[in-house]
Amino acid sequence: MSPAAITTRPDGSFALAGEWTIHCIKAVTGGVAALPKGREALAIDASAIEAIDTAGALLLVQLSRHCARQGVALSLSGLAPHQQALVDLVAQVPEPEPEPPQPAQGLLERLGRRTMGHVEQGIELLAFLGEAVVALLRTWLRPRRIRWRILWGVVQAAGVNAIPIVALLSFLIGIVIAYQGGVQLKSYGANIFVVDLVALTMLRELGPMMTAIIVAGRTGSAYTAEIGTMMVTEEVDAMRTMGISPMELLVLPKMFGLVIALPLLTMLADIAGILGGMVMAFLLLGVDFNDFIARMPVNVTATSFLVGIGKAPFFAAIVALVGCFQGFRVSGGAESVGQQTTISVVQAIFLVIVANAGFSILFSTVGI
Amino acid sequence: MAGAVIEVRDLKSCFDGGYCVHDTVSFQVAPREVVAVVGGSGTGKTVLLREVIMLREPQGGSIRLFGEELVGIGERAADRLRNRFGVMFQQGALFGSLTVAQNVATPLKEHTDLPADLIEEIARTKIALVGLPPDAGNKFPRQLSGGMLKRAAVARALALDPDLLFLDEPTAGLDPLSAEGLDRLILQLRDSLGLTVMMISHDLDSLWRVADRVVFLGEKRVLAEGPIPQLTESSHPLVRDYFSRLRGREAKESA
């Protein structure tokens with residue numbers, strides 16, 4: 001490969017040489033634009049050009065446009081007929097029209113647009129919830145239409161398969177609570193209160209919430225990706241044309257399945273968390289397992305457990321609903337699937353935490 | 001043929017299960033020739049294409065591109081070869097997150113160190129050369145119709161001014177008018193840019209229009225090879241049958 005070159009001849013004309021191809025024109029890109037500067041006429045001999053492609057031809061076309069704009073008379077000679085044909089072909093491509101300047105968006109406008117975007121999405125989510133409820137009522141009227149096999153598949157995938165990770169993480173959280181709280185309690189000699197600390201936090205707050213967050217990351221994202229990919233491949237449209245409601249086939253079983261699976265997982269998280277707390281209480285504070293279990297009923301009642309477990313179905317509905325909703329919002333291709341999956345997880349976790357806060361306020365007003 | 005652009009000899013392609021789709025496939029493509037590979041479903045047209053563009057390794061035989069052997073080729077040599085051919089995939093395979101102009105500019109940015117404004121200009125030229133309207137450059141692939149999508153895919157395949165262009169079913173899924181337009185484009189590009197084209201096609205109208213020569217795959221080898229008028233006279237019943245359908249239709253049209 002011999003790079004493209006421009007040489008000056010003694011008589012003031014120029015000679016082009018080398019390969020004017022895309023990998024070889026780097027050296028002359030600046031030189032071409034400078035050629036017509038300060039001249040009235042420009043004579044160029046291109047007979048030494050060994051090869052030319054559209055990129056090289058484009059440079060020559062740009063040169064002749066520069067000349068025309070600056071009133072320079074250009075005579076370009078020496079191109080072989082097939083090279084000339086290529087240059088002519090490229091010259092047919094019209095020059096770009098200057099783009100109309102985009103009006104810059106002010107801070108206020110951007111803020112307003114983003115806010116409206118969120119509001120609209122919130123309304124759409126509510127509409128989606130409404131559709132789901134309508135579909136739910138329809139299937140209640142005709143229980144034979146409940147898709148049991150899909151439902152149990154969901155319980156298996158979202159519940160049973162999540163047992164190890166939920167158990168392990170809850171166990172570790174139990175350990176952390178007991179350790180952090182235990183250090184403080186020990187200095188007051190109130191070692192036994194570690195039981196209340198661990199059991200109440202796990203049962204009422206952390207058990208349900210951590211499980212919901214794990215499931216949002218594990219299962220909610222999967223729902224979005226699954227439905228989103230089905231949107232891209234037009235499978236959802238195919239379903240609609242066959243008279244199968246995507247709501248009934250895709251959304252309801254997922255929602256039902258999660259509503260069944262999440263409370264069970266939460267129960268498991270409660271047990272694993274308290275076990276973690278027990279281990280730490282024994283190691284750090286010398287509270288042995290018998291004392292721990294004997295102390296539990298004093299302050300921890302069935303209400304504490306029920307309050308926590310009662311939140312789980314709501315969290316499950318949020319995770320499933322958001323996951324499916326964001327899946328249906330996929331449009332276009334692979335990138336959109338990734339985007340909506342991210343949004344789905346963030347939104348589900350956000351809503352779970354907000355709902356949890358709401359429950360706290362509710363429970364404290366009614367005094368449980 | 002000394003200067004063959006593609007030279008496939010005794011190619012053997014087998015799958016994991018031991019089934020071989022090619023046993024002794026041999027053919028050549030000369031410079032500036034438009035060669036179409038045809039054959040029934042399951043005769044390994046796509047497998048053949050994937051092997052020639054180095055997406056799959058054959059289980060035996062030899063493939064030469066521009067005289068360079070692909071079997072056992074090193075990564076650097078392979079990259080050098082990849083710069084010399086462009087591929088248009090069946091579904092376009094344009095990057096959905098980029099506009100058409102950005103799609104065309106991607107190989108330019110990756111493989112040349114030209115200034116950004118020149119790259120933009122080259123991309124614009126390519127988009128115009130394939131017959132897309134100027135505003136198509138700013139659109140995303142999902143906003144294009146099927147015919148425009150294929151043209152955009154050709155524009156990207158041509159970004160680096162390759163000597164060789166591979167087309168996987170260029171006219172599949174297009175209406176007859178768009179298909180004809182695309183065929184005209186292929187011939188025009190061959191004439192003006194001196195391209196060599198290897199394409200897979202099922203579209204008989206399109207084959208008559210663009211293919212200089214047809215390579216007919218079947219029974220794990222090349223059943224017949226040659227210009228279409230010659231193949232319609234082929235002694236092999238499969239080949240004759242394939243092309244006679246068209247003759248029947250043409251006869252009806254002229255009647």
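How many residues does the contact take from chain A and from chain B? Notes on that and a few other spots follow; keep in mind that this is a predicted model.

1. The A–B contact. The contact draws on 19 residues from chain A and 18 residues from chain B. On the chain A side, the elements that give two or more residues are helix H2 (54-70), helix H3 (81-91) and helix H12 (334-366). H3(A) supplies the largest share of that side, with four residues. Sorted by class, the side of chain A that touches chain B has ten nonpolar, six polar and three charged residues.

2. The sheet in chain A. Have a look at the open sheet of four strands, which runs in the order E1-E2-E3-E4 (chain A) with mixed pairing. Its edge strands are strand E1 (5-8) and strand E4 (73-77) of chain A, each of which pairs on one side only. From one strand to the next, the twist averages 25°.

3. E1(A) and E2(A) are paired in the antiparallel sense, over four bridges. If you want a landmark, A:Thr7 has A:Ala15 in E2(A) as its bridge partner. The two strands, E1(A) and E2(A), form a hairpin with five residues between them, and A:Gly12 in the turn has a positive phi of about 90°.

4. On to the parallel pair. Strand E2 (residues 14-20) of chain A also pairs with strand E3 (residues 41-52) of chain A, this time in the parallel sense and over six bridges.

5. H9 against H11 in chain A. Helix H9 (residues 246-285) of chain A packs on helix H11 (residues 302-328) of chain A at an angle of about 140°, and their axes are 8 Å apart. The crossing of H9(A) past H11(A) is right-handed. The residues that make the contact include A:Leu250, A:Leu258, A:Leu262 and A:Met267 of H9(A), together with A:Ile309, A:Phe315, A:Val319 and A:Leu321 of H11(A). A:Lys254 and A:Asp270 of H9(A) are also among them. By class, this contact of H9(A) with H11(A) has 18 nonpolar, two polar and two charged residues.

6. H9 against H4 in chain A. H9(A) also packs with helix H4 (residues 107-141) of chain A, at an angle of about 90° and with axes 10 Å apart. H4(A) and H9(A) are therefore roughly perpendicular to each other. From H4(A) come A:Glu131, A:Ala132, A:Ala135, A:Leu136 and A:Thr139, and these meet A:Met247, A:Glu248, A:Val251, A:Leu252 and A:Met255 in H9(A). The contact of H4(A) with H9(A) divides into seven nonpolar, one polar and two charged residues. Note that A:Val251 and A:Met255 take part here, and that A:Val251 and A:Met255 are listed for the contact with H11(A) as well.

7. The bent helix in chain A. Where does helix H7 (residues 194-232) of chain A bend? The spot is A:Met202, and H7(A) bends there by about 55°. Just after H7(A), have a glance at A:Glu234, which takes a positive phi of about 65°.

8. A helix pair in chain B. Helix H3 (residues 100-111) of chain B and helix H4 (residues 116-129) of chain B pack with their axes 9 Å apart, at an angle of about 120°. That angle makes H3(B) oblique to H4(B). The crossing of H3(B) and H4(B) is right-handed. H3(B) brings B:Val100, B:Ala101, B:Val104, B:Ala105, B:Leu108 and B:Lys109 to the contact, while H4(B) brings residues including B:Ile119, B:Ile122, B:Arg124 and B:Ile127. The contact of H3(B) with H4(B) has nine nonpolar, no polar and four charged residues.

9. A hairpin in chain B. Strand E9 (residues 213-218) of chain B pairs in the antiparallel sense with strand E10 (residues 221-226) of chain B, over five bridges. B:Val215 stands opposite B:Glu225 in E10(B). E9(B) and E10(B) form a hairpin with two residues between them, and B:Glu219 in the turn has a positive phi of about 50°.

Note on methods. Residues are numbered from 1 along each chain as its sequence is written. Chains are lettered from A and ligands numbered from 1 in the order in which they are written. This is a predicted model: local features need pLDDT of at least 70, side-chain atom pairs count only at pLDDT 80 or more; totals for chains, interfaces and linings use all residues. Two residues are in contact if their C-beta atoms, placed from the backbone, lie within 7 Å. Ala, Val, Leu, Ile, Met, Phe, Trp, Tyr, Cys and Pro count as nonpolar, Asp, Glu, Lys and Arg as charged, and the others, Gly among them, as polar. Two strands pair if DSSP finds at least two bridges between them. Axes are lines fitted to C-alpha atoms, for helices over the stretch in contact, and angles run from 0 to 180 degrees between N-to-C directions. A crossing is left-handed if the near helix is turned anticlockwise from the far one by less than a right angle, and right-handed if clockwise. Angles under 35 degrees count as roughly parallel, over 145 as roughly antiparallel, 65 to 115 as roughly perpendicular and the rest as oblique. The bend at a residue is the angle between axes fitted to the seven residues ending there and the seven starting there.
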